Amino acid sequence: MTTTTSFSNQGQFVGLYKSTLRRNFGYFGLISALLLVFYPLQYAMEVFGHHDWRGELQMLIGDYSLLGLGRNFTPTSAFFYTAILLIVPLVLALHLNSYMHSKKASDVYHAVPVSRGTLLTVNMAAAMTILAVPVVVSNLLVAVFQVCKFGFFPALLGYQLLDMVGWLICAFAIYAVATFACVLVGTVFDSFVYTMIMLGIVPLLGLLCFMMEMLFLCGFVPDERAMLNLLNLSPMLLMPTRFALHSIHDGYGNLLPKDSDPIFFQFQMFSDSNLAMVCWLFLSAALFVLTVRLYRRRSSEKAEITTTQGALPTFVKLAVTLCAGLVIGTIFSQATVFIQSENASFLIWAAIGGILTYVILEAVFNRGFKTVLRSLPLGVGMTVFTLAFSAIFMTGGLGYEKRVPNISDIESVEINYTGTYGGGMPQKFGEEQILPDGTSNWKILAFYQTVELREPQNIQAVQALHQAVAGQKYDDYWHSLSLTYRLKNGKTLSRSYSGIPSEEIERLLPIEISGEFLAQTNPAYFVKGQQVTSWELQDPFGFRHEEIGEDWTAEESQELLDAIAADAASMTLEDLKNPQSEPVAILNCFANPPKEGSERFCRWGIFPVTDRTTHTYAFLAKKNLLEGLEVDWDDCYAVTAEVFDRGRSNHIFVNDSIVLSSLSGHMSRVEDLEYVTERINELRFADNLGEREDGVYLFLSEDASDIRTLSEHASFYCREEEPVAIVSFYFKGRENGKKVLVPLANLPASLQERMTAYCANSYGYSYSDYETVTSTGMEGAVVIAG
């Protein structure tokens, strides 16, 4: 018999191609109908059938629920378009190559005078035609609808066509992988199973590695870009992730500036996605060429025989056993506790999960359990590999946990720490924008939650802390720290730690008084006098609020800012370790960025004034602004307090100091006394422990000596680890002021005892002597006896 061994007979290839299309015209019609209904029709219903809520004004493209870079999808069409283009290539590959898995059909096909390469290529060309033609036509219809409704925007059309090409590339990749599986196995079922595993195993393994690193590697910082790029490693996931990249342009295709961190990140992901599309095109073509070569060597006797031996089944079993072992180990070691060591619990459950998974795979691939015992040693070996792989992360990740760069290799270090200052977070602002009502607005491009340190002594302080905590796992929940080294060779090294004890993290104390640190955290260093719009002065207890400086010049505002900066620079380590300053006033500053924007700016700042901020105090005294700030304590008729143990009160503080905690000037105002009294009564008589506040001591007193003592020890700062009281004072004929902070250690022992007598904790309540009194007209208030 004469056989064809090349593509020299072009007419033969075209004839087979047309014949294949005719035989599969039903698929073509079904796919075309589905795409037309769930893509162009949905788009037309959205843009032409929407009620025009703008009235006479034409609705803009941003007023519609449109997705995708080309704004060419509705939520419904995005779902069905994705499903169609992911399922159809797989179905067509299994259908067109199903003859390989039937002995009779394969004998017939292999007997015709056509090379196997031609058969495979014709099927591929027919499958891509069946899918590509409806896809192209439906996208063109959507483009026409878009032009008719909104006008012609070339960039939007470009994005739409680019996405269309990407979808077709991914469809080709899915078809190529499925065809590869069809050639290597003997049944349609095996082809489907191996195809799905090959399409998903690589990103799944990558994500599980990230999971193991986050679970067991102390200090591990996940790379968000790397995690998202794992999705690009599968053609099933590449294009769906592009729906999240809609923010790189303004809705009409005009690229937005890359001056904000979220948009810059989206540009990075867009670039990575485009590169992944090109890579998948070449990989799919190479895989298809390899598949053709393998198909030429495939014996017809392979049809209808389950595939249990060879490189592909072994790889699939190993990969699935590894994934299942890691997942089961993670879930059950967290959900069930039957052994003290979390690592040991994980390994036990991973071993159980790995063995069970291997047994199930053997039963599925061999259609029964006959070969399970014979192949069990291989399963044990795969489970041992899973445990060894897990142990890498449990034992430090091959030196990852202990890795600390040498001081000589570090260019700078960035840490998520803003220090004692308790005001607004510095931000990056864009250029001034004039709104329709004539007011000015500045777009916020970034929030600065970190500082970058370059001075050797500051880098050394951070490195010393890093060396102390590297590889350590703490049970405490108090301090957390993230740091990123920028090395002189251009590389970076990032770590993140939580639960660091105070005695370790105080190694960072010297950086709080360094100039480069203050210049990045305190607004007095980067806000200029001409940018200040107003000042506000209030007493420490928040009763008197007065706008000041209405007639000040920019030079006077700058003089005050310089005074504030000078006081911050003069702070010593002793001031940080043992705050003894007496509160005088709270100074608020309000400012607008310059017209051209600002790399670092705060629109408002809060500056406590104490007897130790001598420069600021002198400026305010020179302006006669400190008169009248004294409080008449004879009018104070009650005081309440919430007393917190160490670690209980972090949520009420506004700064990020290693050592000092601060309420600063914008702490919430004092609650009504009636509300506080009711709260105490509710806690006093609560039957359900779940309704009681955990770890909070409540105190209420009308005793004049208590009021005077607490007022004399009020402070802006306290040592972070010491017990502290958040105190509220109540005055006759005045609105409630603001809460203040009182370190408990500064109070007389007798007062401390009474303030901590009434506490809710995990084991119930402990009470001292209480009496019911009449308090300013409120009957039945439970208070601590004076």
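Which side chain does D706 meet in a salt bridge? Select D706 and R754 together: their side chains form that bridge, at 2.9 Å from N to O. (A salt bridge here is a side-chain nitrogen of Lys or Arg within 4 Å of a carboxyl oxygen of Asp or Glu.)

Before you move on, a word about what is on your screen. This is a predicted model, in which local features need pLDDT of at least 70 and side-chain atom pairs count only at pLDDT 80 or more, while totals for chains, interfaces and linings use all residues. Residues are numbered from 1 along each chain as its sequence is written, and side-chain values use heavy atoms, with hydrogens and water left out.

**Stop 1: salt bridges**

Stay with D706 and colour the helices around the pair. D706 sits in helix α21 (residues 704-712) and R754 in helix α22 (residues 749-755), so that the bridge links distant parts of the chain, 48 residues apart. Helices (H or I, at least four residues) and strands (E, at least two) are DSSP runs, numbered from the N terminus. D706 counts as buried because its relative accessibility is 4%. (Buried means under 20% relative accessible area, exposed over 50%, and partly exposed in between, with a 1.4 Å probe and protein chains only.)

The structure holds 13 salt bridges. For another one, select K623 and E556, whose closest N and O atoms are 2.5 Å apart. K623 lies in the loop between α19 (614-622) and β12 (636-644), and E556 in helix α17 (residues 554-569), so the bridge ties together parts 67 residues apart in sequence. K623 is partly exposed, at 26% relative accessibility.

Now select E411, E414, E452, R454 and R486 as one group: salt bridges with shared partners join these residues into one network.

**Stop 2**

Next, pick K428 and E599. Their side chains meet in a salt bridge at 4.0 Å, N to O. K428 belongs to strand β2 (residues 427-434) and E599 to strand β10 (residues 598-601), 171 residues apart. With a relative accessibility of 19%, K428 counts as buried.

Together they make an open sheet of 3 strands in the order β3-β2-β10, with antiparallel pairing. The edge strands are β3 (440-447) and β10, each of which pairs on one side only. Two strands pair if DSSP finds at least two bridges between them. Between β2 and β3 there are 6 bridges, and you can find E432 standing opposite W442 in β3.

**Stop 2: strand β9 and its partners**

Select residues 583-591, which are strand β9; 8 of its 9 residues are buried. Which strands pair with β9? One is strand β7 (residues 532-538), which runs antiparallel to β9 and is joined to it by 6 bridges. To see a point of contact, pick Q538, whose bridge partner in β9 is I586. Another is strand β11 (residues 604-610), also antiparallel, with 7 bridges to β9. Here N588 stands opposite I606 in β11.

**Stop 3: cysteines**

How many disulfides does a search of the whole structure find? The search finds 0, a disulfide being a pair of cysteine sulfur atoms within 2.5 Å. Click on C589: the nearest cysteine sulfur, that of C602, is 9.6 Å away. C589 is buried, with a relative accessible area of 5%. C218 is buried too, at 10%.

**Stop 4: a nonpolar patch**

Switch to a surface view and select L36, V133, V137 and L141, which make a nonpolar surface patch of about 280 Å². Patches consist of residues with over 30% relative accessible area and no salt bridge; like charges are joined within 9 Å, and nonpolar side chains (Val, Leu, Ile, Met, Phe, Trp, Tyr) within 5 Å. Accessible areas come from the Shrake-Rupley method with a 1.4 Å probe. Helix α6 (residues 116-150) gives the largest share of the patch, 3 residues. V137 lies in this helix and is partly exposed, at 41% relative accessibility.

**Stop 5**

Finish in the loops. R71, although not a glycine, has a positive phi of about 50 degrees.

L398 is in the loop between α13 (372-394) and β1 (410-415), and is exposed, with a relative accessible area of 72%.
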